[in-house]
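Here are my notes on the fold, as numbered points. Please read them with the structure open.

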Amino acid sequence: MERKKYSDVLFTANKGYIDILLASIYSLLLNGELKNLRIHIISDGFDNYDYKRVEELITSFGDNEVYFYPLEEYDISKHNIPDWHGTQISNARLFFGDILKPYKLNIENLLYLDADTITVGNLDDLEKYKNKLHAVKDACLNHYYKTLDGLSSYFNSGVIYFNVNEWMENDYQGRVVKLLEDNRINLSYPDQDIFNCAIRDDINSLPVKYNIPPHAYMFKGNMRKIYFNPLFRNVNHEEIADALGDPRIIHTYGLSGIKPWQTTFNPYHDEYMKYITGVNPDFQVKQLDGFKKIVTMLPFIYKGMLIARTYMNEPAEKYVRALSLKYHHSNNKNCQ
């Protein structure tokens, strides 16, 4: 008898992101067209009601399975990995081999999705990427990753397609641990920097359509070409154009911390609200204040600042990035 083939998907989320997680799962169930889904969730701080909400959503879409892995049961902080927004949950994906123990469930390939991703198209053709470790190039500035331990490219860790056998056989988790023990890298984006520096040239490229950044929709025409200039950015405007012609996963992270579920300033707002109100019709957005409110009132100036940052020299951009990260950490304590 032929063994049943599953589609395994991993999410990580803390309690503050429960509605965001549910919206992401909902979009996957509606649009992903993956058969025999097994959804794995590494959770932080969930209560019984949170678990019930997630389980009811997943099982309402047919014969799907859900597995929970409370982060409290796994001590990943012992590896001296920095928190991101006051939690270790973002780092947990790098230790899925210990946490999920994938051989027990015969997981062959594992799709990791950030909780702030929205699936907008069919994902069944990911099958063609099943034999290696794949991710989408991050749209960062080239000089950032080139000075990050000599990397030749840089990938966004919000969508990763793991071949579990390759991950285990090459002991990629062991490489992550060793990198942290050596403690030789200044980490701006902890899990993502570690993923890139530890795995390095073994990461293969997925098309951008599987992880489209909000900037792709923020800029149009010639402005998009100027922003995604291959001389300065890791993703070029042609790759962005191809992705927008056939989008599969959009990554709804914040612009200066402004999330799509907060305001139409974020270009993913309208698309995002369809899913979050689908799982919580009473979802309430928090009112923006201070810098965030000012930014939404001056979109043209903000876009100009993003363009200017693209063409800054390295020391100036590094200073701006440091200020941005400091602000981001001080204003986002309860999110992924």
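1. Start with the contacts. Among those in the protein with a separation of 6 or more, 78% are between residues 24 or more positions apart. Keep in mind that this is a predicted model.

2. Overall make-up. The protein has 14 helices and nine strands. Its radius of gyration is 19 Å, close to the 20 Å that the globule rule gives for 336 residues, so the protein is as compact as a globular protein of that length. The C-alpha trace spans about 60 × 45 × 35 Å along its principal axes.

3. Surface and interior. Of the 336 residues, 55% count as buried.

4. Seven strands form an open sheet in the order β3-β2-β1-β4-β7-β6-β8. The pairing is mixed. From one strand to the next, the twist averages 25°.

5. One strand pair in detail. Strands of a sheet pair through backbone hydrogen bonds, either parallel or antiparallel. Here, β4 (residues 109-113) and β7 (residues 155-163) run antiparallel and are joined by five bridges. Asn 109 has Asn 163 of β7 as its bridge partner.

6. A helix on the sheet. Helix α2 (residues 48-59) lies across β2 (37-44) and β3. It runs at about 155° to β3.

7. The largest nonpolar core. Which of its 63 residues touch the most other members? They are Phe 11, Leu 21, Ile 25, Ile 39, Ile 41 and Val 54. Helix α1 (residues 18-31) gives the most to this core, with nine residues. There is also a second, separate core of 41 residues, which includes Ile 89, Ile 99, Cys 140 and Ile 185.

8. A closer look at Ile 41. Leave aside its neighbours within four places in sequence. Ile 41 is then in contact with Phe 11, Leu 21, Ile 25, Phe 46, Val 54, Ile 58, Val 66, Tyr 67, Phe 68 and Tyr 69. Of the core members named above, Phe 11, Leu 21, Ile 25 and Val 54 are among these contacts.

9. Helix α11. In α11 (residues 269-279), the residues His 269, Tyr 272, Met 273, Tyr 275, Ile 276 and Val 279 are buried. An α-helix has 3.6 residues a turn, so residues three or four places apart point the same way. What do the buried residues of α11 pack against? Their partners are α1, α2 and β5 (117-119).

Definitions and conventions
Residues are numbered from 1 along each chain as its sequence is written. This is a predicted model: local features need pLDDT of at least 70, side-chain atom pairs count only at pLDDT 80 or more; totals for chains, interfaces and linings use all residues. Side-chain values use heavy atoms; hydrogens and water are left out. Two strands pair if DSSP finds at least two bridges between them. Helices (H or I, at least four residues) and strands (E, at least two) are DSSP runs, numbered from the N terminus. Axes are lines fitted to C-alpha atoms, for helices over the stretch in contact, and angles run from 0 to 180 degrees between N-to-C directions. Contact means heavy atoms within 4.5 Å. A nonpolar core is a set of buried Ala, Val, Leu, Ile, Met, Phe, Trp, Tyr and Cys residues joined through side-chain atoms within 4.5 Å. Buried means under 20% relative accessible area, exposed over 50%, partly exposed in between (1.4 Å probe, protein chains only). The radius of gyration is taken over C-alpha atoms; the globule rule is 2.2 Å times the number of residues to the power 0.38.
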